[in-house]
Amino acid sequence: MSVESKRFSVVWRFWCAAALLSLLPWQTLWAGPDIQAWSTSNGARVLFVSAPELPILDVRVVFDAGSARDGDEPGLAVLTNSLLSEGAGPWNADQVAERLEDVGAELSTDALRDMATVSLRSLTEEQALKTALQTLAAVMAEPRFAPDDLERQRQAMQVGLRKSEQSPGSVAQKEFYRNVYGDHPYASYSGGTEESLSAITRADVEAFHERYYVARNAV
């Protein structure tokens with residue numbers, strides 16, 4: 001085949017492909033994942049994307065339980081969230097970690113100004129998934145909030161707070177939020193203050209969890 005013939009063949013295939021693409025609906029070319037949505041019987045909203053080619057389930061539960069809900073107790077949302085996996089249901093913190101490690105699952109928690117999250121990644125093999133989901137359910141619904149764990153996390157947050165006070169960037173960021181948001185809850189530092197952290201009790205943590213870590217407040 002001559003160079004000209006090869007060039008014509010390439011151009012012809014290109015235009016044929018372009019013509020076929022032009023026949024497809026515009027939405028098809030730019031379609032995102034197929035997101036299924038429903039609500040559970042107890043009020044949680046669910047968004048689900050199926051990926052059967054992967055033997056993995058990723059779960060991210062988002063609660064309207066960020067530091068904007070702290071009220072007069074800055075640091076309460078972060079402290080509560082940090083305690084979720086420090087013992088839950090019949091298991092202490094080490095047992096929670098061992099259950100997840102035994103089936104190759106990963107669990108994490110986080111609290112920001114406008115949300116708190118609990119995330120899980122697990123294999124979809126039946127026994128592994130069952131163990132991982134049982135543990136996730138206990139972490140969200142039955143945290144122990146043991147006094148020793150509470151004190152340890154409180155002290156860790158206080159140490160972090162003192163370190164942040166030595167960082168010019170952190171100090172400037174706190175002042176920036178205070179000036180921008182004024183009386184709005186976003187003005188408060190999510191990690192609280194020395195005074196507020198010292199004043200938070202186990203009853204405060206339990207009440208916060210009972211109010212905000214509920215199905216109707218979750219996505």
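Student: Let's start with β4 and β5. What do they form together, and how many residues sit between them?

Tutor: They make a hairpin, with four residues between the two strands. Before we go on, a word about what we're looking at. This is a predicted model, where local features need pLDDT of at least 70 and side-chain atom pairs count only at pLDDT 80 or more, while totals for chains, interfaces and linings use all residues. Residues are numbered from 1 along each chain as its sequence is written, and side-chain values use heavy atoms, with hydrogens and water left out.

Student: Okay. Why are β4 and β5 called paired?

Tutor: Two strands pair if DSSP finds at least two bridges between them. β4 and β5 have six bridges, in the antiparallel sense, so they pass that test. You can look at Asp 110, which stands opposite Thr 117 in β5. And "strand" has its own rule: a strand is a DSSP run of E with at least two residues, a helix is a run of H or I with at least four, and both are numbered from the N terminus.

Student: Which other strand pairs with β5?

Tutor: β3 does, in the antiparallel sense over eight bridges, with β5 covering residues 116–123. In that pairing, Val 61 has Val 118 of β5 as its bridge partner. Put together, the open sheet has three strands in the order β3-β5-β4, with antiparallel pairing.

Student: What makes β3 and β4 the edge strands?

Tutor: Each of them pairs on one side only; β3 is 56–63 and β4 is 106–111. The twist from one strand to the next averages 10°.

Student: Where is Ser 119, and is it buried or exposed?

Tutor: Ser 119 sits in strand β5. Leaving aside neighbours within four places in sequence, Ser 119 is in contact (heavy atoms within 4.5 Å) with Val 59, Arg 60, Glu 106, Leu 107 and Ser 108.

Student: Which residues of α4 and α5 meet?

Tutor: Val 96, Arg 99 and Leu 100 in α4 meet Thr 131, Ala 132, Gln 134, Thr 135 and Val 139 in α5.

Student: How do α3 and α9 compare with the angle rule?

Tutor: Their axes come within 10 Å and cross at roughly 85°. That lies in the 65 to 115 range, so α3 is roughly perpendicular to α9. Leu 76, Ala 77, Leu 79, Thr 80 and Leu 83 in α3 meet Asp 204, Val 205, Phe 208 and His 209 in α9. Helix α3 (residues 76–83) also lies across β4 and β5, running at about 170° to β4.

Student: What does His 209 touch?

Tutor: Not counting residues up to four places away in sequence, His 209 touches Thr 80, Leu 84, Met 140, Ala 141, Pro 143 and Phe 145. Phe 145 lies in the loop between α5 and α6 (147–164). With a relative accessible area of 4%, Phe 145 is buried too.

Student: What is the phi of Phe 145?

Tutor: It is near 50°, a positive value in a residue other than glycine.

Key:
Axes fitted to C-alpha atoms, helices over the stretch in contact; angles between N-to-C directions. Buried < 20%, exposed > 50% of the residue type's maximum accessible area, 1.4 Å probe, protein only. Parallel < 35°, antiparallel > 145°, perpendicular 65-115°, else oblique.
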